Amino acid sequence: MICLRGKGVSVGYAIGTLRFHNREEKPNSGVEKSTPDEEQRRFDSACTQAVSDLTALAEKLRRQGEETAALLMEMHGELAQDLDFADGVAMRIADGTDAPTAVRDAGEELAMLFEAMDDADMQQRSADVRDVARRIENILLGKTEVLSFSDPVILGADDLSPSETVSLEREKLLAILTVGGSGTGHTAILARSFGIPAVVGIGNGLTGALENRLVIVDGFEGTVLVEPDETTLAEYRQRMDAYAQSLSRLNGLRGLPDETADGRKVKLYCNIQSPEDVGAVRDNDGRGIGLFRSEFLFLGREEAPDEEEQTEAYRRVLSAMKGQEVVIRTLDVGADKQIPYFSLPGEENPALGLRGLRLCLKNPALFRTQLRALYRASVYGKLLIMFPMVTNSWEITATKELCQTVVSELKAEGYPVAEKVPLGIMIETPAAALMSDVLARQVDFFSCGTNDLTQYTLACDRMGEHLRDFCDPHHPAVLRLLELTVKNAHEAGIWVGVCGELAADTAMTETLIAMGVDELSVNPGSVLPVREQIRQIKQ
Amino acid sequence: MITFDYTLTDPMGLHARPAGQLVKEAKAFASKITVTCKGQSAEAVRMMAIMRLGTKAGDTVTVCVEGADEEAAASAIKTFFEENT
């Protein structure tokens, strides 16, 4: 049994026969060439054909429910009509080159320009450009490159072009393996949308010599077991069954209410980092956003985002969530993050330094801009604003005053602002938890950031591998603080949620609900597993 | 000639999808539409050139519209940016 390792880019298991796809890269020889005018005409015709084929393919994929693949083919259709590409081909044809070679060379030239870019996503586009060029070239040469199999297979290749991947009949494809490749390429994206495992970057161990061998693919671990022994086979068959069952069980929970067996309702929301993540919230049946980290707007750039840009980003998420609650947390960074346009004093202990709300209160111009943008966006959906890293009552007072000023200003300027925007704070320090009775009277809700709460309470860096034994996320100290927080919140008549990793910990769901937690905000992938736990609770 | 600026919010900037849609929008007008970012320019009807501008969230693009239907074109392109980027 040979074990190959790569990077698992799509989860799942597969057991089947490996077929290795070798793409012919022969240069065009003996191609009959006619006049430039005729070659141009042939190109125009082939190009139109390609666009028509791609449109038809996109429609077919859409009907099959393969939206990701459909969009990809539509993008290819656009690329085929690109003017720079057409110019490149026309120039070579006018110079006397035959159409297929002109197409290949023009495509290659543009592909290399994309490859040379700094951006990983743009580099991936070079594969799309080459794919489209090859498609047109094949039409000109009368070649059909169709990958098809009579039985379901595990497909291996040096790399797979987008066209090749989508052309495969979904039912015949058990898994995808490639020699090269990265996690953001088409193979990864398409395999995930097909729901099959994929392992990339396997390297030279994956060759045509493995053709027709029985293999096991483990998309979780990123391993490929060639010609496995009986024990291993039996073990993986079991894992496959268990996984398939759990997937179907979890999918059965879609659309069901987030309530305990006793009928107690819980809000089950999602944590997101950017407007792009809203798709994942919807895909996983999340019913609101309990934490929208606004940092993405501020990081990795030279200048602070202005009010317009921020308003637009918040508006996008609020409207995409169509009236479901969206809790947006104001800027939560400290000296540990690189922000050139902030004057952050160098700190010995950034975790204990000027961060979160503290930083915003000390940078009023910046804070004001964010608040203005949030309130301007508030009319597009159901907005709640949350402030991080609060340890003092006066911080809340000062912040609320600033919010009132911002709202008055906006109204005076003629901007519509939502009637009621609930304001809440993160409970992530021992101080906040211990003083939660006082703080609860100042805000509309709490959300417990258990990651930082655990860290500060146990005096333990949660990133420290060497501290594992000392840093128990279920530590009674943390649980006692949570209990106290919930009790104080309810006494003041406000709701309390949990948005740290503890919320997604299915071993803790019953405990948290028993404490009285009203809301759990988890990464999108955890919605269904947590819903399953909630619905089983009988108290 | 009409000129306006727009600051992109999509983390991936004008990537393939919006670039393709921008091309479609731009082709509907007779005016010449140019998008400039960080010193580089591309015609809005040239998809690969737009993608190769390598724009990202936070980048400000300057859009220049010139032609007989420039009013309508500028308005449509501005709306396009607001709704898609």
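Modeller: Before we start, a residue is called buried under 20% relative accessible area, exposed over 50% and partly exposed in between, using a 1.4 Å probe and protein chains only. This is a predicted model, in which local features need pLDDT of at least 70, side-chain atom pairs count only at pLDDT 80 or more, and totals for chains, interfaces and linings use all residues. Residues are numbered from 1 along each chain as its sequence is written, chains are lettered from A and ligands numbered from 1 in the order in which they are written, and side-chain values use heavy atoms, with hydrogens and water left out.

Colleague: How many residues of helix 12 of chain A are buried?

Modeller: Of its 14 residues, 10 are buried, so helix 12 of chain A is largely enclosed by the rest of the structure. Among them are A:Leu366, A:Phe367, A:Leu371 and A:Tyr375, and also A:Arg372 and A:Arg376. Helices here are DSSP runs of H or I with at least four residues, strands are runs of E with at least two, and both are numbered from the N terminus.

Colleague: And what covers those buried residues?

Modeller: The cover includes helix 10 (307-320), helix 11 (356-362) and helix 13 (393-412) of chain A, together with strand 11 (325-329), strand 12 (382-387) and strand 13 (423-427) of chain A.

Colleague: What is the reach of helix 12 of chain A from its first C-alpha to its last?

Modeller: Helix 12, residues 364-377 of chain A, reaches 20 Å, close to the 20 Å expected at 1.5 Å a residue. The expected span is 1.5 Å times one less than the number of residues.

Colleague: Turning to the sheet in chain A, what is the strand order?

Modeller: The order is 1-8-7-3-4-5-6-2, in an open sheet of 8 strands with mixed pairing. Two strands count as paired if DSSP finds at least two bridges between them. Strand 1 (2-5) and strand 2 (7-10) of chain A are the edge strands, each pairing on one side only. From one strand to the next, the twist averages 30°.

Colleague: In which sense do strands 7 and 8 of chain A pair?

Modeller: Strand 7 (residues 214-218) and strand 8 (residues 223-226) of chain A are antiparallel, over 4 bridges. Within strand 8 of chain A, A:Thr223 is the bridge partner of A:Asp218.

Colleague: Which strands does helix 8 of chain A touch?

Modeller: Helix 8 (residues 230-251) of chain A packs on the sheet and touches strand 3 (13-21), strand 7 and strand 8 of chain A. Its direction makes about 110° with that of strand 3 of chain A. Contact means heavy atoms within 4.5 Å; for the angle, axes are lines fitted to C-alpha atoms, for helices over the stretch in contact, and angles run from 0 to 180 degrees between N-to-C directions.

Colleague: Which residue of chain B forms a salt bridge with A:Asp84?

Modeller: B:Arg46 does, with the closest N and O atoms 2.3 Å apart. The pair crosses between chains, from helix 3 (residues 83-94) of chain A to the loop between strand 3 (40-43) and helix 2 (47-51) of chain B. Both A:Asp84 and B:Arg46 are buried. Elsewhere, salt bridges that share partners join A:Glu307, A:Glu308, A:Arg368, A:Arg372, A:Arg376, A:Glu409 and A:Glu413 into one network.

Colleague: What does the secondary structure of chain B come to?

Modeller: Chain B has 3 helices and 4 strands, running β-α-β-β-α-β-α from the N terminus. Of its 85 residues, 53% are buried.

Colleague: Is B:Thr34 buried or exposed?

Modeller: B:Thr34 counts as buried, at 19% relative accessibility. It is in strand 2 (residues 32-37) of chain B. The C-alpha atoms of B:Thr34 and B:Cys64 are separated by 5.1 Å, although the two are 30 residues apart along the chain.

Notes. A salt bridge is a side-chain nitrogen of Lys or Arg within 4 Å of a carboxyl oxygen of Asp or Glu.
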